[in-house]
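Me: I would like to learn how to read a few features of a fold from its coordinates. Can we work through one example?

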Amino acid sequence: MTRGNFCSVLVTGANRGIGFELVKQLLGLPKPPQWIFATCRDPRDARAQELKTLASKHPNLVILQLEATDEVTIKAAAKEAEAHLAGKGINLLINNAGVMPPSTLESVTQEDMLSVYRINVVGPMLVTKAFLPLLKAAAKQSKEKGWCCSKAAVINTSTIGSSIGNPPSMNTFPVISYRCAKTALNMLTRCQALEYKEDGILCAAIHPGWVKTDMGTEKAELEVEESVRGILNVLSNLSEEQSGRVVDWQGKLMAW
Ligand code: NDP
């Protein structure tokens, strides 16, 4: 197995935007993963239709119901994935699901701060906890030396807006709850990297660029295809050097 081959991958928030494109491009790789687990909040909803159509053509694509704020659904998704994997582990967990409601320092409320934190930080924490046994199994089963995404990795989706060292101005990026939550996600990533290092699991965060999705809007700089091509290329080349860090879709280290 080479570093660009991911045997089994899980992507959260995979029914649209960057998550959906990740699934599409993973399926189109010369050597696609044996299993791709694509989670969405409501597989019966019309918003999951494109993902369902894709799954009907690809037996290695499994849709799992997962709401990032509901640990019951997270644990059930991990159980279902485990049943499909029949003793094998999950190599790559991409915590992609997230929300970005508008909020300025004037308009932001307690509820807004807490709800965004629950989805964007507590969600990835719970998902990683639930899938940890499968990640550990993948690391143990792998012949890869060192840390890499084809062995076992957790990738959290961050943003340049979370940077304390090089932050975009509040005028250009007035989303206070989102920025604070993603900064906390960076610290979660760092803690995960420290803790799971001895299990052989690489943990890093990635900034996908400013991407044309529902969240990024039409004004964004990047087409989703380009961002995701970059992300998958970066993931293929991640090593322990970037573990615990935030890298962007082109592989550059981001300032904390
Ligand atoms: P989208 O808004 O297009 O998609 C968000 C995805 O997250 C959807 O699948 C959505 O599901 C899911 N989601 C939202 N809330 C929850 C929840 N409570 N539980 C489970 N799933 C949920 O966003 P993008 O694709 O643009 O963003 C993906 C990631 O990339 C996010 O983490 C975002 O912060 C990050 N990012 C994006 C940038 C951009 O420019 N687009 C820039 C920097 C970072 P549903 O359809 O059910 O709502």
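This is a predicted model: local features need pLDDT of at least 70, side-chain atom pairs count only at pLDDT 80 or more; totals for chains, interfaces and linings use all residues.

Me: How many bridges join strand β2 to β3, and do the strands run parallel or antiparallel?

Reply: Strand β2 (residues 35-40) and β3 are joined by 5 bridges, and the two run parallel.

Me: Is strand β3 mostly covered or mostly open?

Reply: In general, the side chains of a regular strand alternate between the two faces of the sheet. In β3 (residues 61-65), 4 of the 5 residues are buried, and the strand is mostly covered.

Me: Which residues of α2 are buried, and how should I read their positions?

Reply: An α-helix has 3.6 residues a turn, so residues three or four places apart point the same way. The buried residues of α2 are L51, L54 and A55. Because these residues cover an arc of only 100 degrees around the axis, they lie on the same side of α2. E50, S56 and K57, on the other side of α2, are exposed.

Me: What do the buried residues of α2 pack against?

Reply: The buried residues of α2 pack against α1 (17-27), β2 and β3.

Me: Why is α1 described as largely enclosed?

Reply: Count its buried residues: 9 of the 11 residues of α1 are buried, so the helix is largely enclosed by the rest of the structure. The buried residues in α1 are I18, G19, F20, E21, L22, V23, Q25, L26 and L27. The elements that cover them include β1 (8-11), β2, α2, β3, β4 (92-95) and α6 (224-237).

Me: Where is H58, and is the residue buried, partly exposed or exposed?

Reply: H58 sits in the loop between α2 and β3. Its relative accessibility is 25%, so H58 counts as partly exposed, since that class lies between the 20% and 50% cut-offs. Distance along the chain is another thing to check: H58 and W35 are 23 residues apart in sequence, and their C-alpha atoms are separated by 9.9 Å.

Me: How many residues surround the ligand, and which are the closest?

Reply: The ligand is surrounded by 29 residues, of which N15, R16, R41, Y178 and T213 are the closest. A polar side-chain atom of N15 is 2.6 Å from an oxygen atom of the ligand. For I18, a polar backbone atom lies 2.8 Å from a ligand oxygen. I18 is also among the buried residues of α1. In the side chain of R47, an N or O atom is 3.5 Å from an oxygen atom of the ligand.

Me: What should I look for in the phi angles?

Reply: Most residues other than glycine have a negative phi. A86, which is not a glycine, has a positive phi of about 45 degrees. Phi of T217, also a residue other than glycine, is positive and near 70 degrees.

Me: Where are A86 and T217 placed?

Reply: A86 is in the loop between α3 (71-85) and β4, while T217 is in the loop between β6 (202-207) and α6. With a relative accessible area of 67%, A86 is exposed. T217 has a relative accessible area of 35% and is partly exposed.

Methods. Residues are numbered from 1 along each chain as its sequence is written. Side-chain values use heavy atoms; hydrogens and water are left out. Buried means under 20% relative accessible area, exposed over 50%, partly exposed in between (1.4 Å probe, protein chains only). Two strands pair if DSSP finds at least two bridges between them. The arc is that of the directions from the helix axis to the C-beta atoms. Contact means heavy atoms within 4.5 Å. A residue is near a molecule or strand if one of its heavy atoms lies within 4 Å of it. A polar contact is a pair of N or O atoms within 3.5 Å; within protein, one must be able to donate a hydrogen and the other to accept it, and residues adjacent in sequence count only if both atoms are side-chain atoms.
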